[in-house]
Amino acid sequence: MHTKTRDQNDTSVPSEEMPAGCAHIVDLCTVRIAMGALWSTMQDGVRGRLQRIMAQRLDASDHFRRLDHERYLAITPSAGEHESATLMLRVMSEFFLTLNGSCELEEIRIAAAEPDGAGGIKDTPLPAAELARLVERAGLPGIVLPRPLRGLLPQPDKDAPVEPALRRAPLQVSHHFEPLWDAPNEAVTTYMCAPERIACAEAPDVRLRPDELTVRERSMLEMAGLMKGVGYLSRFVEAGDRFLLCLPFSFETLSSPYGRMEFVRTCRGLPVAYRQYLLFLLADVPLGVTHSRMGELALVLKPYGRIVAAVPGGCRSFAAYNGHGFAGLALDLSKASEDSDRNRADIACIGSAAQGMGCGATVLNLDDAQLLPAVNAADFRFLHGKIVAPPQAEPKRMSRLETGAIFGVGPRMSRGPVPLAQP
């Protein structure tokens with residue numbers, strides 16, 4: 001049989017089509033549980049991602065079919081009785097890496113399948129220990145094992161040099177949530193889902209910076225942040241609560257066809273009701289960017305949420321930013337000069353430009369209290385950094401944080417009601 005896909009909800013398979021050891025069922029139940037309420041609107045996109053990977057990885061003599069909303073049967077005689085399970089493990093590893101930016105063994109559900117004698121299918125889940133042995137035998141370091149099983153795999157030599165080529169291997173990524181203070185409302189209203197840790201699978205102790213990644217790796221990193229952030233947002237919205245979710249996407253990612261395709265494909269599946277809570281940060285915009293390029297990227301982002309565009313330090317001409325409907329301009333002080341006077345000049349210039357455009361200004365990574373007077377004088381809307389609050393493992397509902405607390409002369413956050421102006 002040469003067709004790879006038979007997308008039908010049919011669990012009856014002739015026994016001759018299921019060679020011994022070559023039939024497996026993969027289950028997306030862990031994805032559904034992690035997505036919560038988001039699953040109902042994004043399940044088609046999730047299944048489409050898995051189907052594309054299986055279509056690419058399976059041989060012409062193999063085929064797969066959808067059994068129900070969460071399960072797929074894959075029959076892979078090309079891999080043989082002893083390698084079919086490993087092939088499916090590779091497929092699921094790639095699926096989770098592209099979906100979440102990481103792959104935990106505990107997320108993977110694979111079962112051996114065989115005819116039950118009555119025209120149906122009998123499935124036997126593969127235990128975690130067996131999957132761990134397959135990980136070791138196949139050399140799949142991108143899969144993170146649970147602690148009790150980590151001794152099954154050889155540990156990397158911590159003293160061995162890290163070659164640049166390792167940066168093209170699967171990444172291990174974790175995200176956290178960084179609070180943004182809304183000055184007019186005197187409240188933490190927004191959380192940025194940002195990378196907490198980026199490492200190469202073969203060298204997990206060596207941390208990587210986002211600017212060291214390839215375009216595809218950077219896209220995967222940012223899409224994983226979107227999925228994690230929207231997952232939390234869905235729980236809040238469905239519970240009748242709220243916060244604004246800030247999602248950084250780099251200029252480089254959205255300028256590449258691959259990055260734009262992945263972004264649009266995922267965002268099309270988001271519930272329309274969630275878009276009012278999304279704030280996209282167009283990050284790492286280069287100095288001297290053209291008006292037309294900024295317009296192109298605004299058209300990509302605008303259908304799905306508001307946009308805050310980063311401005312590089314030293315920028316004094318804002319013509320490229322005009323006319324695109326940006327909700328704000330942002331200055332990232334982690335990329336700024338060590339010259340405090342120059343930083344104050346950037347703050348004043350960006351604040352003035354934002355007022356002239358009728359939008360708000362945002363300062364990112366504000367860790368130096370000596371710059372607070374300049375930020376205050378320039379009437380910045382959002383403040384982010386150590387001065388506001390440390391990163392958190394999970395976002396929280398909007399919380400009152402009075403101006404005096406930011407300037408060191410008042411109480412910290414409370415949980416009183418927060419009446420919001422429009423961002």
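Hi everyone, let me start with one arginine: Arg381 counts as buried, at 13% relative accessibility. Buried here means under 20% relative accessible area, exposed over 50%, and partly exposed in between, with a 1.4 Å probe and protein chains only. A word on the model: it is predicted, so local features need pLDDT of at least 70 and side-chain atom pairs count only at pLDDT 80 or more, while totals for chains, interfaces and linings use all residues. Residues are numbered from 1 along each chain as its sequence is written, and side-chain values use heavy atoms, leaving out hydrogens and water.

Back to our arginine. What does Arg381 form a salt bridge with? Its partner is Asp182, with the closest N and O atoms 2.6 Å apart. By salt bridge I mean a side-chain nitrogen of Lys or Arg within 4 Å of a carboxyl oxygen of Asp or Glu. This pair links distant parts of the chain, 199 residues apart: Arg381 sits in the loop between α10 (372-377) and β16 (382-384), and Asp182 in strand β8 (residues 171-182). Those helices (H or I, at least four residues) and strands (E, at least two) are DSSP runs, numbered from the N terminus. Asp182 is buried as well, with a relative accessible area of 2%.

Arg218 is buried at 10%, and Glu222 at 9%. Arg218 also forms a salt bridge with Asp284, at 2.7 Å, N to O. Asp284 lies 66 residues away, in the loop between β12 (278-283) and α8 (291-301), and is partly exposed at 31%. Shared partners join Arg218, Glu222, Asp284 and Lys335 into one network.

Now, how does α5 pack? Helix α5 (residues 215-238) and helix α3 (residues 84-100) pack at an angle of about 75°, their axes 6 Å apart. The axes are lines fitted to C-alpha atoms over the stretch in contact, and angles run from 0 to 180 degrees between N-to-C directions. That makes α3 roughly perpendicular to α5, a label covering 65 to 115 degrees; under 35 is roughly parallel, over 145 roughly antiparallel, and the rest oblique. In α3, Leu97, Thr98, Leu99 and Asn100 meet Met220, Ala224 and Met227 in α5, where contact means heavy atoms within 4.5 Å.
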